[in-house]
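Work through the exercises below with the sequence and the model side by side. Try each task before reading its solution.

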Amino acid sequence: MSQLLTGRWAETKEALLEGLSGTKRSVMASTLENTRKYLAESASTGATSAGNVATLNRVILPVIRRVMPTVIANELVGVQPMTGPVGQIHTLRVRYSDSLSGTFGATAGEEALSPFKIAEGYSANNGAAATAASTASLEGAAGKRMSIQILKQTVEAKTRKLSARWTFEAAQDAQAQQGIDIEAEIMAALAQEITAEIDQEVLGSLATLAGTQNQEAYNQAAVSGTATFVGDEHAALAVMINRVANRIAQRTRRGAGNWAVVSPTALTVLQSATTSAFARTTEGTFEAPTNTKFVGTLNNAMKIYVNTYASSDTVLVGYKGANESDAAAFYCPYIPLMSSGVVLDPATFEPVVSFMTRYGYVELSNTASSLGNAADYLGTVTLAGLAFS
């Protein structure tokens, strides 16, 4: 273990990062370093602790590599790894520094380029008109002031834990009869369960933040026109999704919604639509063990993911920019996946293993201290009156 954490760490880390690029690679590298630091501290506390983490190379690191890049947060929200249990998210706001009365004026401290408003006379006719002023009236003047503020928002690491136990007899029989390593299989199952729960936490949070301010209702029974078959009516769902996506562009001033998470039923509607621009994926690059996966694109731009655990048929639409700070919320991994090691229950002498993950999650829902409002990045489409024949 000491060799893995010191001399061989560079090559081990590089092997785990193979195939990853961009943000996923940098986030994975940061969280692996956090894991290494935690394990080095554990291994230095004594032989027992060192023995408990001896399964790192055989089980835990491969599980981290398989699970971490597939968390749905990588695709939907900003990802900023934490280097400690408490961190900060930094955001930037541009404001008007001077008050200016008039139809096209502004109030000091007001956000510049805010949704649906711009001070069209701030740089020209002093709020009296939206047109430029004469050169003589502004000659020698510095012009109204604007300011930039960098604001911080604290994020604190939270914890998820799971544990499982088995008997020596069960482990021996599984190995002898099926060649199954019970310890490895249980660790993989615990890791996948934790990841699935993180996915559902993120999706539930985004659905709540979306609210009803940017919502469309798709009712198949009310679709206009005469359909030749059911696929013609299904095509109207893509129109609703596009409308919500374009409203996101209007609210954020950044871009139209570029991802959507659908239920299996909503996915069936998109797949059977005759004139929608839904294209099934053949990539298979987001085949997550949690079954929240990339299934196709809409209009060659919007990525579609399916949530097989969805409890309703509402479509969640959102926007994530190229920069990890341009999103509705932030997922901040700290210790991605860590095991307590196998310990023996003193009462039954049965082996027990515990799995843990620590991460932060923060929503940009406070317009006074965040860059915009999280709800501006999100929208929903509700489904009703569905028929498939």
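The exercises cover salt bridges, nonpolar packing and strand pairing.

This is a predicted model, in which local features need pLDDT of at least 70, side-chain atom pairs count only at pLDDT 80 or more, and totals for chains, interfaces and linings use all residues. Residues are numbered from 1 along each chain as its sequence is written, and side-chain values use heavy atoms, with hydrogens and water left out.

**Exercise 1. Salt bridges**

Task: Find which parts of the chain K24 and E75 tie together.

Solution: 
- Start with the rule: a salt bridge is a side-chain nitrogen of Lys or Arg within 4 Å of a carboxyl oxygen of Asp or Glu. The count by this rule is 13 salt bridges.
- Check the pair. The closest N and O atoms of K24 and E75 are 3.0 Å apart, in a salt bridge.
- K24 lies in helix α3 (residues 22–43) and E75 in helix α6 (residues 73–76), so the pair ties together parts 51 residues apart in sequence. Helices (H or I, at least four residues) and strands (E, at least two) are DSSP runs, numbered from the N terminus.
- Check exposure. Buried means under 20% relative accessible area, exposed over 50%, partly exposed in between (1.4 Å probe, protein chains only). K24 is partly exposed at 28%; E75 is buried at 16%.

**Exercise 2. Two further pairs**

Task: Locate the salt bridges of R145 and K158.

Solution: 
- R145 pairs with D98, with the closest N and O atoms 2.7 Å apart.
- Both ends sit in loops: R145 between α7 (135–138) and β3 (146–156), D98 between β2 (86–96) and α7. They are 47 residues apart.
- R145 is exposed at 52% relative accessible area, whereas D98 is buried at 16%.
- K158 meets E201 in a salt bridge at 2.8 Å, N to O. K158 belongs to strand β4 (residues 158–165) and E201 to helix α9 (residues 182–210), 43 residues apart.
- Widen the view. Salt bridges link K158, R160, E197 and E201 in a network.

**Exercise 3. Core and surface**

Task: Describe the largest nonpolar core, then the nonpolar patch on the surface.

Solution: 
- A nonpolar core is a set of buried Ala, Val, Leu, Ile, Met, Phe, Trp, Tyr and Cys residues joined through side-chain atoms within 4.5 Å.
- The largest has 77 residues, and V317 is one of those with the most contacts inside it. Helix α9 gives the most to this core, 13 residues.
- Contact means heavy atoms within 4.5 Å. Leaving out residues up to four places away in sequence, V317 touches several residues, including I241, W259 and Y377.
- Now the surface. L92, V94, M146, I148 and I150 form a nonpolar patch with about 480 Å² of accessible area together. Patch residues have over 30% relative accessible area and no salt bridge; nonpolar side chains (Val, Leu, Ile, Met, Phe, Trp, Tyr) are joined within 5 Å, like charges within 9 Å. Areas come from the Shrake-Rupley method with a 1.4 Å probe; for residues, only the protein chains shown count as cover.
- β3 gives the largest share of the patch, three residues. I150 is in strand β3 and is exposed at 64% relative accessibility.

**Exercise 4. Strand β11**

Task: Decide whether strand β11 is largely enclosed, and find its pairing partners.

Solution: 
- Strand β11 (residues 329–339) has 11 of 11 residues buried, so the rest of the structure largely encloses it.
- Two strands pair if DSSP finds at least two bridges between them.
- Strand β1 (residues 78–79) pairs with β11 in the parallel sense over two bridges. G78 stands opposite F330.
- Strand β13 (residues 351–363) pairs with β11 in the antiparallel sense over eight bridges. Y359 in β13 is the bridge partner of P333.
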